[in-house]
Amino acid sequence: MKKPSARALFARLFGSSAKGISVEKSVLTGYAAAGGTKVCVIGTCDGTYIDNAAALRLAAHVIDCIEHHPKAPIVMLVDSAGQEPNRVAEMLGLASYFGHLLSCLELARRKGHKLITVATGQAVGGAFLCYGMFADRIYALDSASVGLMPVEAMSAVTKIPVAVLRKLSKTMPSLEFGAKPFALLGGVEEVWAAKDDVQAKLAKAIATASTEDNRAELGRKRGGRKLALDIRKKVLAASAR
Amino acid sequence: MTGTSLFHEQTARQRIAALVDPRSFAEMLPPPERLTSPYLAQLGIPVSFDDGVVIGKAKLGGKEIYIAAQVGQFVGGAVGEIHGAKLTGLFKAAARDQVPCVLIIESGGVRLHEGSAGEIAIAETMRAIFECRAKKVPTIAVIATDIGAYGGIGILSTCCDFRVMTEHGRLGISGPIVIEKWMGKKAYDSANRALVWKTSGGKTKYLLGDADALVHDSADAIRDAVAKLLGKSSAITLTSVKTRQKELEKRLKRFGDTADPDAVWKAMGVRDIAGASLASGPEFAAMAKRGK
């Protein structure tokens with residue numbers, strides 16, 4: 001299957017209002033409409049690397065939305081390979097740039113902006129952690145590459161043979177790469193298929209979003225992440241004593 | 001009294017004991033509960049009864065705190081499902097009880113052997129940290145070892161109100177070996193310890209304003225710094241994020257094309273580079289005109 005262009009993808013999600021999204025160096029910012037309401041859009045496309053400047057541009061747009069469009073939902077599209085390993089970026093404190101972007105999103109959440117993520121392409125590692133995974137509710141296209149890393153990459157670092165990881169991933173979806181196994185862990189609320197009316201899905205996602213983080217509950221219910229919720233509850237019970 | 005022992009040489013439990021009021025620490029989900037990673041077990045890798053993080057309640061200067069210390073000796077302090085859930089639970093408890101939370105970080109980030117579960121756990125812990133911050137419950141990260149705060153945990157550390165560092169501590173996302181592989185040895189020689197520490201070490205982080213305190217490598221010094229921050233919190237407001245946006249834009253504009261960390265130090269007011277390199281954390285802090 002040929003990968004749709006970024007523009008075609010925006011049109012699928014936002015219809016004609018997608019023209020309000022500008023793309024510069026694969027970083028996107030703008031305003032569009034979903035379910036008849038104005039939404040703020042931030043994100044990445046083309047599997048780009050996200051660096052200090054990109055984080056600042058996304059943060060600036062979130063601030064603009066808070067200032068000028070009170071309570072407008074913020075839709076985050078994720079198609080990024082992560083942070084490019086770079087010494088100067090590290091020296092300048094890339095982690096702090098990401099932390100700043102997260103703080104802006106947190107402020108938006110507190111001020112009543114709903115935060116919805118749609119993983120559209122690559123949603124891996126740091127690039128997913130630095131904004132997409134911070135949403136109220138996270139969705140993914142079934143064609144998206146969602147997860148920590150493919151088993152080949154995991155094998156290269158851990159020195160565990162690919163065959164072993166593949167076999168284990170059959171019973172441990174955490175080791176498998178992709179939108180569906182990620183949903184089994186609760187990391188994604190719902191996976192959207194190519195045939196789905198994603199405009200309607202997005203409108204519904206915005207309407208039903210809640211700021212309560214439900215990922216551990218979902219992961220337990222779906223069986224992909226069986227321990228997290230119970231351990232968390234144990235800590236909350238032990239600390240209440 | 002902790003004598004002259006160096007904080008970075010201590011174990012996680014020693015660090016907590018040395019930091020908090022004597023005999024005040026009560027560990028939650030302690031090793032006898034045998035909460036071990038099923039992922040590591042399946043892979044035939046040794047497990048640990050605390051899954052690499054010690055959590056509990058304690059007092060510091062008579063004030064109640066929640067505290068966690070990651071165990072760097074165990075898979076580099078990396079975050080798996082259980083490890084991460086313990087952290088999420090701790091910050092959620094801190095938010096619920098409005099008790100400050102101190103996180104002694106020693107972690108390379110997500111535990112790769114557990115795949116995406118560790119990544120989601122870090123995202124959940126970030127949300128829990130911001131729950132604390134919404135209630136003005138102080139969250140303080142201590143970064144004091146060479147394992148430092150990297151990957152997702154590097155990002156997570158920047159979500160806390162404050163960061164206390166020592167000169168040994170390192171804060172970043174990609175580590176030097178990964179960058180060297182990517183950019184080549186010419187751009188980043190990961191064996192050049194001076195360059196590595198000037199890139200990600202406590203001194204540079206303090207100088208640029210990403211660490212809020214730079215202190216001696218001892219529990220006493222770290223305790224003093226943490227105690228000073230326990231009553232404070234860093235509010236997230238429209239004004240605060242706009243100010244931070246300007247600071248970070250200015251930093252990128254000033255130093256975005258600067259490959260040499262010495263040039264950054266000089267521009268930030270460090271006159272004697274050789275002296276500053278050898279100076280202790282607090283001496284360095286006194287020498288440097290810390291700028292925004």
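Strands (E, at least two residues) and helices (H or I, at least four) are DSSP runs, numbered from the N terminus. The model is predicted: local features need pLDDT of at least 70, side-chain atom pairs count only at pLDDT 80 or more, and totals for chains, interfaces and linings use all residues. Residues are numbered from 1 along each chain as its sequence is written, and chains are lettered from A in the order in which they are written.

View 1. I116(A) is buried, with 22 other C-beta atoms within 10 Å. (Buried means 20 or more other C-beta atoms within 10 Å of the residue's own; exposed means 12 or fewer; partly exposed lies in between; C-beta atoms are placed from the backbone.) Leaving aside neighbours within four places in sequence, the contacts of I116(A) include P73(A), V75(A), A205(A) and I206(A). Contact means that C-beta atoms, placed from the backbone, lie within 7 Å.

**View 2. L101(A) in the largest nonpolar core.** Of the 176 residues in this core, L101(A), V142(B) and I222(B) touch the most other members. A nonpolar core is a set of buried Ala, Val, Leu, Ile, Met, Phe, Trp, Tyr and Cys residues joined through C-beta atoms within 7 Å. Not counting residues up to four places away in sequence, L101(A) touches A55(A), L58(A), A59(A), C130(A) and Y131(A).

**View 3. Where chain A touches chain B.** Here 62 residues of chain A are in contact with 72 residues of chain B. On the chain A side, α4(A) gives the most, with 13 residues. The residues of that side divide into 37 nonpolar, 15 polar and ten charged. Ala, Val, Leu, Ile, Met, Phe, Trp, Tyr, Cys and Pro count as nonpolar, Asp, Glu, Lys and Arg as charged, and the others, Gly among them, as polar.

**View 4. The open sheet of chain B.** Seven strands run in the order β1-β2-β3-β4-β5-β6-β7, with mixed pairing. Two strands pair if DSSP finds at least two bridges between them. The edge strands, β1(B) and β7(B), each pair on one side only. Four bridges join the parallel strands β5(B) and β6(B). I140(B) has F162(B) as its bridge partner in β6(B).

Definitions and conventions: Two residues are in contact if their C-beta atoms, placed from the backbone, lie within 7 Å.
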